[in-house]
Amino acid sequence: MIDPWGSSIIDYEKLTQQFGIKAFKDVVGDIPDASKLMTRGIIFGHRDYEKITDALNNNKKFATMTGMMPSGRMHIGHKMVVDQLKWYQSMGSDIYLSIADMEAYAARNINKEESRRLALEEYIVNYIALGLDVTRDNFHLYLQSENDDVKNLAYLIGKKITFSQMRSIYGFDNSTNISHIYTPLLQVADILHPQLEEHGGPKPVIVPVGPDQDPHIRLTRDIAAKFNEEYSFVEPSATFHRFMTGLTGEKMSSSKPKTAIYLTDTVKDAVKKTKSAKTGGRDSLKEQKELGGQPDKCSIYELLVYHLVDDDSKLEEIKDKCLNGEILCGECKACACELLEKMFEDLNSKRSEAEEIAENLL
Ligand code: SF4
């Protein structure tokens with residue numbers, strides 16, 4: 001069982017086999033102007049992405065849906081979602097962004113006002129500073145608790161699923177509070193509501209998520225099919241991206257400060273953290289020169305791949321030099337720090353304008 005509220009998943013291959021997620025590399029060639037996250041294999045899996053390639057290639061309307069449960073600080077791993085939203089926005093997609101304040105209340109005991117504050121100040125400000133255009137007509141941001149379409153649809157959806165099904169998908173037990181049991185239905189409604197008549201009717205919807213969210217995706221697709229007669233919902237598509245390894249070698253997590261570079265870290269702190277990050281370097285200089293480094297086990301290399309180096313040939317060159325022992329980790333870290341410094345300076349300079357825009361959004 002995958003637990004969307006807790007566990008970390010590392011074995012992506014096993015996951016795709018076990019749950020029938022398809023390899024993203026098989027569809028990447030059909031995507032016009034595919035993003036780096038796509039071509040570099042960071043997005044590794046999908047469900048039904050062919051509907052999205054069809055929409056992209058034939059100028060058909062589609063929507064992109066994602067949600068956030070505001071419960072901590074935004075770190076550099078979360079930037080991946082923003083990069084994906086920006087890409088879909090540039091391809092003409094409607095963007096729906098749900099702030100899961102009802103889920104935050106039920107699962108984490110965070111009240112609505114705190115959810116709103118955290119979402120705007122910690123997340124949305126960064127989304128805007130990172131380049132998401134929230135001023136477009138086709139950008140829709142909402143709090144779950146204030147979206148009647150979502151709440152009404154969640155209620156209707158509840159009719160098509162039993163407690164025993166919910167328990168087998170999510171592992172709920174006798175101690176789980178009822179509101180928590182209800183939250184997956186809200187997420188299903190989040191994903192399906194862009195297809196209601198008042199939002200333009202049935203259309204493909206892409207949901208870019210981490211693999212821990214797959215239970216929600218499977219449930220949503222099942223329910224979409226069950227509502228075929230009433231709403232003609234198109235079963236939504238999903239992509240799954242890898243999580244970033246933390247600076248210490250474990251999964252990057254908001255609640256573990258040593259693992260994460262937060263987007264609101266000062267430039268100095270971000271660089272300091274990068275300098276002390278775990279690398280795939282060998283124990284001694286001699287060994288590194290003889291055996292080469294291990295970029296596939298290196299959090300610095302991951303930073304370069306995910307966020308810092310746009311040019312594929314430059315990235316290839318770093319990887320080759322690392323594998324051949326031609327560069328050492330100190331030099332490589334210095335290069336990563338320089339790039340990170342630029343990224344954070346840029347982000348900081350855009351944040352005050354982003355704060356003003358965010359203030360008026362909800
Ligand atoms: Fe990582 Fe660079 Fe060291 Fe290779 S040389 S292990 S990529 S820090």
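Modeller: Lys350 is partly exposed, at 38% relative accessible area. Partly exposed lies between buried (under 20% relative accessible area) and exposed (over 50%), using a 1.4 Å probe and protein chains only. This is a predicted model, where local features need pLDDT of at least 70, side-chain atom pairs count only at pLDDT 80 or more, and totals for chains, interfaces and linings use all residues. Residues are numbered from 1 along each chain as its sequence is written, and side-chain values use heavy atoms, leaving out hydrogens and water.

The partner of Lys350 is Asp346, in a salt bridge with the closest N and O atoms 3.1 Å apart. A salt bridge puts a side-chain nitrogen of Lys or Arg within 4 Å of a carboxyl oxygen of Asp or Glu. Both residues lie in helix H16 (residues 329–359), 4 residues apart, about one turn of the helix. Helices (H or I, at least four residues) and strands (E, at least two) are DSSP runs, numbered from the N terminus. Asp346 is partly exposed too, at 37%. Elsewhere, shared partners join Asp48, Lys51, Arg221 and Glu235 into one network of salt bridges.

Now helix H6. Glu113 and Arg116 both lie there, 3 residues apart. Their salt bridge has its closest N and O atoms 3.6 Å apart. Glu113 is partly exposed at 49%, whereas Arg116 is buried at 18%.

Lys112 bridges to Glu146 at 3.0 Å, N to O. Lys112 lies in helix H6 (residues 112–129) and Glu146 in the loop between strand E5 (139–143) and helix H7 (148–158), so the pair ties together parts 34 residues apart in sequence. Lys112 is partly exposed at 32%. The structure holds 24 salt bridges.
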